[in-house]
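These are my notebook entries on a predicted model.

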Amino acid sequence: MKKIISIIIIGLFITLEAMAVEEVGFEIIKKNDVYEIRKYSDRLVIETATSNQNSGFRKLFNYISGNNQTKEKINMTAPVTQVKKNEGMTMQFYLPSKFNLDNAPTPSNSEVKLLSVKGGFYAVIKYSGRSSDKNFIKHKYILEEELKKNNILILGPPIKASYSSPFTLPMLKRNEVMFEIDIKTAT
């Protein structure tokens, strides 16, 4: 019962904050009917290894709720991303743009890491519906096939990006699959 209440509270918090959520900025370089290519600058994240979506989310949510060295509460941003790293899954929250490695609070939990993600070029496909593994894999495959068809070199594993609260109706949810790409092969 406590777990359900926690999930509801988190969902309500995210839903209430959804209108004011800062999103990671990017520049659209190229777009077609299936995907777009975006250029991202370096950005700051907190991340944790995760065995399941709830365990990773809870650790990161605690950090932005003030479980950090300065007890500072930090606004939620979008998207929340998941990517395979070191044979396991990693979940990331992006920090608001006002933070950098010098002024971001140090995590209190040793399982939460603060790091800078190097900028680069990403091919992205958008989709709605649940952010389930099945829906992600379906769209990952579509994007991967399109990139292969266009001879665009993929540089890294697929990234699952979720923008919506867990309580958003599935048809209104905003999700993405992203692949880092070699921009020289995309022109």
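I began with strand β4 and found that six bridges join it to strand β7 (residues 88–94), the two running antiparallel. Within this pairing I looked up Thr50, which stands opposite Met89 in β7.

I then turned to strand β8 (residues 113–117), which pairs with β4 over five bridges, also in the antiparallel sense; here I noted Lys113 of β8 as the bridge partner of Glu47. I checked burial next: seven of the eight residues of β4 (residues 43–50) are buried, so I read this strand as largely enclosed by the rest of the structure.

For the aromatic rings, I found four pairs in the structure. One of them is formed by Phe26 and Tyr40, which I recorded as tilted, with 5.4 Å centre to centre and 50° between the planes. This pair links distant parts of the chain, since Phe26 lies in the loop between β1 (22–23) and β2 (27–31) and Tyr40 in strand β3 (residues 36–40), 14 residues apart. I looked up accessibility for both residues: Phe26 is partly exposed at 31% relative accessible area, whereas Tyr40 counts as buried at 6%.

Tyr40 also pairs with Tyr122, edge-to-face, at 5.5 Å centre to centre and 85° between the planes. Tyr122 belongs to strand β9 (residues 120–127), 82 residues apart from Tyr40 in β3, and both tyrosines are buried.

Finally, I looked for charges over rings, and noted that the charged end of Arg38 sits over the ring of Phe26, 4.0 Å from its centre. Elsewhere, Arg174 lies over the face of Tyr163, at 3.7 Å from the ring centre.

Technical notes:
Residues numbered from 1 in each chain as written. Predicted model: local features only at pLDDT ≥ 70, side-chain atom pairs only at ≥ 80, totals over all residues. Heavy atoms only, no water. Buried < 20%, exposed > 50% of the residue type's maximum accessible area, 1.4 Å probe, protein only. Helix = DSSP H or I, 4+ residues; strand = E, 2+ residues; numbered from the N terminus. Pairing = 2+ DSSP bridges. Phe/Tyr/Trp six-rings, centres within 6.5 Å; stacked < 30°, edge-to-face > 60°. Lys NZ or Arg CZ within 6 Å of the ring centre and 35° of its normal.
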